[in-house]
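Student: I'm new to this one. Could you take me through a close look at a single part, the sheet, and what lies across it?

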Amino acid sequence: MSISQKIQTDPIFSRLLKEREELTTGVRKRQEIIKQIQKKKTNTGVKVITYISKYGHPAAGIDHNDTKPIEDMLRSIGESQTIELVIHSAGGLAENAKKIVSLIRANCKNFKVVVPDAAKSAATIIALASDKIIMSDSSELGPIDPQIPQLSPQGILTMRPARTILEGFYQIIEKAFRKDGSLNPSYIPILSNFDISLLKYCEIAIENSKKIAEEYLKNGMLKENKKKAEETAKDLAYAEKYTSHAHLIDWREAIKLFGEEDVEYIKNTDPLWNLYWELYCRSALFLEDLSIVKLFETENNSVNIKIALP
């Protein structure tokens with residue numbers, strides 16, 4: 001065995017975690033389902049990776065900490081003809097999504113994304129970077145508005161769409177100035193609480209999401225129509241068309257946006273989709289543990305990310 005082969009088959013991060021704690025969940029059953037999915041696609045050399053997060057939890061966003069578990073999943077399966085990423089996530093920041101895509105692309109010739117439930121924001125960007133998005137009736141994508149961690153007045157960490165933060169500021173500005181252009185003094189305390197650097201950060205994050213989505217679409221799903229790639233990325237990034245961060249882009253709308261060749265619809269009664277759905281449901285049930293916010297798995301590897309409870 002060569003050194004490179006040994007590195008690929010040694011999932012270091014999860015091995016170290018297992019030295020600290022023993023996984024006593026339904027991991028074996030979930031991995032059995034992963035093997036069944038792969039077996040149904042034997043001729044294509046598919047390997048499945050799951051990334052299931054606790055939807056909307058402030059510690060469950062797509063971030064730089066995903067590098068270790070994603071790299072670990074890739075080490076456990078080695079280079080593959082096709083990698084299917086089964087993802088459920090409310091999103092995060094585009095740059096972190098881009099790194100996940102880069103890591104996966106370096107280990108396969110074909111990259112597919114399976115959306116059993118929701119892949120929003122930065123998770124939608126990951127889907128846009130794939131060669132094919134696999135969806136069913138329960139699946140949804142969304143606008144690519146980045147999620148920004150924010151402390152509420154009660155000191156609770158929450159995730160808020162960058163666009164919402166900016167729109168809140170613009171609305172306050174609109175109300176703060178009278179028709180004659182003078183500032184209503186009662187709004188001074190409110191305006192003084194706005195962090196100008198945060199507003200700028202939100203603007204940059206939104207623009208960056210658009211650029212990354214446009215790059216992926218121009219080089220992938222919409223490479224035959226560069227103009228449509230630009231328009232689609234703009235629509236997904238800004239609020240003119242999709243006025244709400246929660247806007248649901250189902251498989252029908254996804255096909256309209258990206259084309260029938262790039263979006264595969266599987267009926268929810270199809271045996272293959274039943275496997276995807278059971279895998280997702282089992283993973284989601286595991287995440288009901290209050291301390292666990294993310295779960296990454298392959299047929300032979302499992303990493304869960306925990307947070308400290310108060």
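Predicted model: local features only at pLDDT ≥ 70, side-chain atom pairs only at ≥ 80, totals over all residues.

Tutor: Let's start with the strand order: seven strands make an open sheet, running β7-β4-β3-β2-β1-β8-β9 with mixed pairing. At its edges sit β7 (263-265) and β9 (301-306), each pairing on one side only. On average, neighbouring strands here are turned by 20° against each other, direction ignored.

Residues are numbered from 1 along each chain as its sequence is written, and side-chain values use heavy atoms, leaving out hydrogens and water.

As for the words, strands (E, at least two residues) and helices (H or I, at least four) are DSSP runs, numbered from the N terminus. Two strands pair if DSSP finds at least two bridges between them. Angles run from 0 to 180 degrees between N-to-C directions, with axes fitted to C-alpha atoms, for helices over the stretch in contact.

Now zoom in on β1 (residues 46-53) and β2 (residues 80-88): they run parallel, joined by seven bridges. Along this pairing, K47 stands opposite I83 in β2. In general, strands of a sheet pair through backbone hydrogen bonds, either parallel or antiparallel.

Finally, look at what lies across these strands. Helix α5 (residues 94-105) lies across β1, β2 and β3 (108-114), where contact means heavy atoms within 4.5 Å. Helix α5 runs at about 135° to β3.
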